[in-house]
Amino acid sequence: MANYYSDHPEIGFYLNHPLMKRIVELKERNFEDAKKYDYAPVDLGDAIENYKQILDITGDVAANIIEPNSESV
């Protein structure tokens, strides 16, 4: 089964980029939501893992649902 995320490991480069730490801190507002919500990321590693899971799911949907139906749509 295809997956546009896992089939292209170069996409993961961006998640490991040194600036990603600062981007995540800004996006997650220094992990303030973790104090209010049990599902919010608590640190950089947790946030990156969440992002990888989201990319894996969307890569699967894009490769196996959207792409096969794109021409007919």
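Modeller: Two residues are said to be in contact when they have heavy atoms within 4.5 Å. The model above is predicted, so local features need pLDDT of at least 70 and side-chain atom pairs count only at pLDDT 80 or more, while totals for chains, interfaces and linings use all residues. Residues are numbered from 1 along each chain as its sequence is written, and side-chain values use heavy atoms, with hydrogens and water left out.

Biologist: Which residues of α2 meet α3?

Modeller: Helices are DSSP runs (H or I, at least four residues; strands are E, at least two), numbered from the N terminus. In this model M20, K21, V24 and K27 of α2 meet L44, A47, I48 and Y51 of α3. Sorted by class, this contact has 6 nonpolar residues, no polar ones and 2 charged ones, where Ala, Val, Leu, Ile, Met, Phe, Trp, Tyr, Cys and Pro count as nonpolar, Asp, Glu, Lys and Arg as charged, and the others, Gly among them, as polar.

Biologist: At what angle do α2 and α3 pack?

Modeller: Each axis is a line fitted to C-alpha atoms, for helices over the stretch in contact, and the angle between N-to-C directions runs from 0 to 180 degrees. Here α2 and α3 pack at about 90°, and their axes are 10 Å apart. That makes α2 roughly perpendicular to α3 (65 to 115 degrees; under 35 is roughly parallel, over 145 roughly antiparallel, and the rest oblique).

Biologist: Which residues form the largest nonpolar core?

Modeller: Such a core is a set of buried Ala, Val, Leu, Ile, Met, Phe, Trp, Tyr and Cys residues joined through side-chain atoms within 4.5 Å. The largest one has 8 residues, namely Y5, L15, M20, V24, F31, A47, I48 and Y51. Both α2 (20-27) and α3 (44-69) supply at least two residues each, and the largest share, 3 residues, comes from α3.

Biologist: How are the rings of F13 and Y14 arranged?

Modeller: Rings of Phe, Tyr and Trp (its six-membered ring) pair if their centres lie within 6.5 Å, and planes under 30 degrees apart count as stacked, over 60 as edge-to-face and the rest as tilted. By this rule the model has 2 aromatic pairs. In one of them, F13 and Y14 have ring centres 5.3 Å apart and planes at 75°, so the pair is edge-to-face. Y14 counts as exposed, at 57% relative accessibility.

Technical notes
Buried means under 20% relative accessible area, exposed over 50%, partly exposed in between (1.4 Å probe, protein chains only).
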